[in-house]
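Hi,

Here is the structure I said I would pass on. Have a look at it first, and then read on for my notes on the charged side chains.

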Amino acid sequence: MEYTRLGDSGLKVSRIALGCMSFGDPSRDDNQWALGDDAAEPVFRQALDLGITFWDTANVYSGGSSEEIVGRAIRRYTRREDIVLASKVFFRMHDGPGGSGLSRKAIMEQIDASLTRLGTDYVDLYQIHRFDPETPVEETMEALHDVVKAGKARYLGASSMWAWQFAKLQYTADLGGWTRFVSMQNQYSLMQREDERELYGLLADQGVGSIPWSPLGKGRLTRPWGVATTRSENDALGRSRYTEEADKPIADAVERVAETRGVPMAQVALAWVLRNPVVTAPIVGPTKPHHLADAVAALDLELTDDEAALLEKPYTLRRPTGFS
C-alpha cells in the first residue's frame, strides 16, 4: 500500500479508500445488496491486511446502519488510532429541522448522532455531502469550524458541487478565520470527467486533495458492457447512471486495454483515475473479495500515454451528475 498526504494537509491516508456505502442493513428494500456485520467482516479484515486504513462512510448510508457497522468493525478488528475515519452530513435523516441540510442546528445534531453510531469521540474527516443553497455559507462554515474546535472532527471535506460553490465556501472560511476544507469527494471516472474543466484546476490551486467516488462508474467499468450484477439490478442509483449508449465505447476501450494487459478491467479503470495528480485516494466500495485486491493492484499498473489516450478518446460532453 502507498500512503500520501490528503491535499496540502498533514493527514496521511492510504491511496485507496474503503467506501462503506456497501455496508448496511440488507433488509431495507433499497439496500438488498448491502453487507451486514457478518458478511462485511472478511471485507474489513482484507482491507486491513492490504493496508487500506482510510475508511469513508456517511450518516445517510443505510439510514445510519453503515456507521454502526463501521464503528463495530473498528472496535473488533483494529484500533481507532490506526484508522482515518471519514463521515458526512447533509442528506435527510429525519423530518425535523436538524434532520438535514447544513444549518448550525443540523450540523451540531448530526455530528453527535454520527459519533454515537460510530462509537467514537471524533472523526478524522467530516464532509459536507452536498452544497446547501438554503443556508448562508457563513453559518455553515462557522458551525463546521466549531465542530473542529470542539474536537469532534480533525479535518473538513466537501463533496459534489460546482467549482464556484466550493470556491465560495473556501473564501468564506478565510474571511471568518475558520477551518478550510482539505478534500473534495467528487464523482470522477472515465465515464464522468466534467470536473476536469474547472474543479480540478481549483483543487490544485488550493492544495485540496480529490477522493473520487464511483471511480469505476458504478461497476460499469469492471465488466463487459451489458453484464449485470446483484447490486446493479437492486441499487436505484446504479440503475440510473452510466447506462447511455455513449458510455458503451468507454467500457469497450477499458476492456480492450485490460485484455491486452492481461488484467481485470477494474485495474485499468482505476489506474487511469490514479494518473490524475490531484487525486489522492479513489473510494472503492467492495462487495466481493477481489474488489479490494484489484484496487490495490491498480497502484502498480502504470498506463502508457497511448493507452490513456485510447481510454479517453470515446468520452463525450455530458452534464455532471450527483450534485443533488
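This is a predicted model, so a quick word on the ground rules: local features need pLDDT of at least 70, side-chain atom pairs count only at pLDDT 80 or more, and totals for chains, interfaces and linings use all residues. Residues are numbered from 1 along each chain as its sequence is written, and side-chain values use heavy atoms, with hydrogens and water left out.

I went after salt bridges (a side-chain nitrogen of Lys or Arg within 4 Å of a carboxyl oxygen of Asp or Glu). The count comes to 19.

Arg-15 and Glu-2 pair up through their side chains, at 3.9 Å from N to O. Arg-15 sits in the loop between strand S2 (12–14) and strand S3 (17–19), while Glu-2 is in the segment before strand S1 (3–5), so the bridge ties together parts 13 residues apart in sequence. Helices (H or I, at least four residues) and strands (E, at least two) are DSSP runs, numbered from the N terminus. Arg-15 is buried at 16% relative accessibility, whereas Glu-2 is partly exposed at 32%. For those words, buried is under 20% relative accessible area, exposed is over 50% and partly exposed is in between (1.4 Å probe, protein chains only).

Next, Asp-37 and Arg-76 form a salt bridge at 3.7 Å, N to O. Asp-37 belongs to helix H1 (residues 37–49) and Arg-76 to helix H2 (residues 65–77), so this pair links parts 39 residues apart in sequence. Asp-37 is partly exposed, at 24% relative accessible area. There is a network here too: salt bridges link Asp-37, Arg-72 and Arg-76.

Then there is Arg-80 with Asp-124, whose closest N and O atoms are 3.0 Å apart. Arg-80 lies in the loop between H2 and strand S5 (84–89) and Asp-124 in strand S6 (residues 123–128), so parts 44 residues apart in sequence are tied together. Both ends are buried: Arg-80 at 15% and Asp-124 at 9%.

Leaving aside residues up to four places away in sequence, Asp-195 touches Asn-186, Gln-187, Tyr-200 and Phe-323, with contact meaning heavy atoms within 4.5 Å.

Cheers
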